[in-house]
Amino acid sequence: MTAYYILLALAFIIEMAVTPFFLKFQRPGMSWKSRTTKMICATMFVAMGFLCFKISENTTEFARFMLFGLIASWFGDLFLHFKKVYLVLIGGIAFFSAHVLYTTAYLKAQKDMFPEYPVFAWYEILCICAVLAVFVIIAVKTKLQIKKIALCGVIPYAVMITTMAVKACSLAVRCFISRGADALYLMLALIAGSVLFVLSDGSIVFLMFDDRYRKNIPLKNFNIWTYFIGQALLASSIMF
């Protein structure tokens, strides 16, 4: 079992160590170097998920759907790192699927642990609407330049990732209230992981669709670091 913990720590270290190289290699544009380093990082958060699954012997539906979500994200990372439109579209669908899988994991856990709660409580729906409203306000204030055809994909994706994050935070808080300190790390992993994922995908909208931000290095760094750290945290939630 000690070996699994060592491998888990090593996977996280490799992911964090390779991320700066990916940022460096992708700066001039997509290349085999940027694709390779990106997929090394993605493979590491998937490996973290499997190792957490093995260490905890967590065979719940929550764990399985979280693993499926990590794998779907891996494919999203792969296909989004190509220039052809249809491959980018496949990548977007893969990430949308990942959020569906993550949300399903939270719903499965909620059903098992808190069967008295509805699928979506009124305050969860309110939070989803509030987060989406904030994004719209930011888009308007910054005069986000995005084509109408792109909105056909951005809007449902924004709804899905926001739903994922709100359900993650809701489940985390409920677990902490019912279990106290025993659920502290789970709460932190789910809340921080999902929020970082939202921040990452919120920033990528500007990078992908608005020419004014395509070469914004600080925004690119923010986008990538929040993404890979967020995925690592979500993967680690399987252990608890």
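The model on display is a predicted one. From the side chain of Arg212, move to that of Asp210, with which Arg212 forms a salt bridge at an N to O distance of 2.7 Å. Asp210 is buried, at 0% relative accessibility.

Next, select Asp211 and Arg214. Their side chains are also joined by a salt bridge, here with an N to O distance of 2.5 Å. Asp211 is exposed, its relative accessible area being 58%, while Arg214 is partly exposed at 38%.

**Salt bridges elsewhere**

How many salt bridges does a search of the whole structure find? The search returns 6. To view another of them, select Glu61 and Lys108, whose closest N and O atoms are 3.7 Å apart. Glu61 belongs to helix α3 and Lys108 to helix α4, so this pair ties together parts that lie 47 residues apart in sequence. Both partners are partly exposed: Glu61 has a relative accessible area of 30%, and Lys108 has one of 27%. Then select Glu124, Lys167 and Arg174 together; these residues are linked in a network of salt bridges.

**A buried serine**

Proceed to Ser34, which is located in helix α2. Is Ser34 buried or exposed? Ser34 has a relative accessible area of 0% and is therefore buried. Display the polar contacts of its side chain. One runs to the backbone nitrogen of Ser31, at 2.9 Å. Another runs to the side chain of His81, at 2.7 Å. With residues up to four places away in sequence set aside, the residues that Ser34 touches are Phe22, Phe25, Gln26, Gly29 and His81.

**The nonpolar cores**

Now select Met66, Leu70, Tyr102, Tyr106, Leu171, Phe197 and Phe228. These are the residues with the most contacts inside the largest nonpolar core, which has 49 residues. Colouring by helix shows where the core is drawn from: α1, α2 (32-56), α3 (61-80), α4 (85-113), α6 (148-179), α7 (184-209) and α8 (217-236) each supply at least two of its residues. Which helix gives the most to this core? Helix α2 does, with 10 residues.

Centre the view on Tyr102 and display its surroundings. Apart from neighbours within four places in sequence, Tyr102 is in contact with Met66, Gly69, Leu70, Ser73, Met164, Phe197, Gln231 and Leu234. There is also a second, separate core of 10 residues; to locate it, select Leu144, Val205, Leu207 and Leu219, which are among its members.

For the last stop, switch to a surface view and select Met1, Tyr4, Tyr5, Leu7 and Leu10. Together these residues make a nonpolar surface patch of about 470 Å². Within this selection, pick out Leu7, which lies in helix α1 (residues 2-26). Leu7 is partly exposed, with 41% relative accessible area. Residues join such a patch when their relative accessible area is over 30%, among other conditions, so Leu7, at 41%, passes that cut-off.

Technical notes
Residues numbered from 1 in each chain as written. Predicted model: local features only at pLDDT ≥ 70, side-chain atom pairs only at ≥ 80, totals over all residues. Heavy atoms only, no water. Patch = residues over 30% accessible without salt bridge, like charges linked within 9 Å, V, L, I, M, F, W, Y side chains within 5 Å. Areas by Shrake-Rupley, 256 points an atom, 1.4 Å probe, with all protein chains shown as cover. Salt bridge = Lys/Arg side-chain N within 4 Å of Asp/Glu carboxyl O. Helix = DSSP H or I, 4+ residues; strand = E, 2+ residues; numbered from the N terminus. Buried < 20%, exposed > 50% of the residue type's maximum accessible area, 1.4 Å probe, protein only. Core = buried A, V, L, I, M, F, W, Y, C linked by side-chain atoms within 4.5 Å. Contact = heavy atoms within 4.5 Å. Polar contact = N/O pair within 3.5 Å; in protein donor to acceptor, adjacent residues only side chain to side chain.
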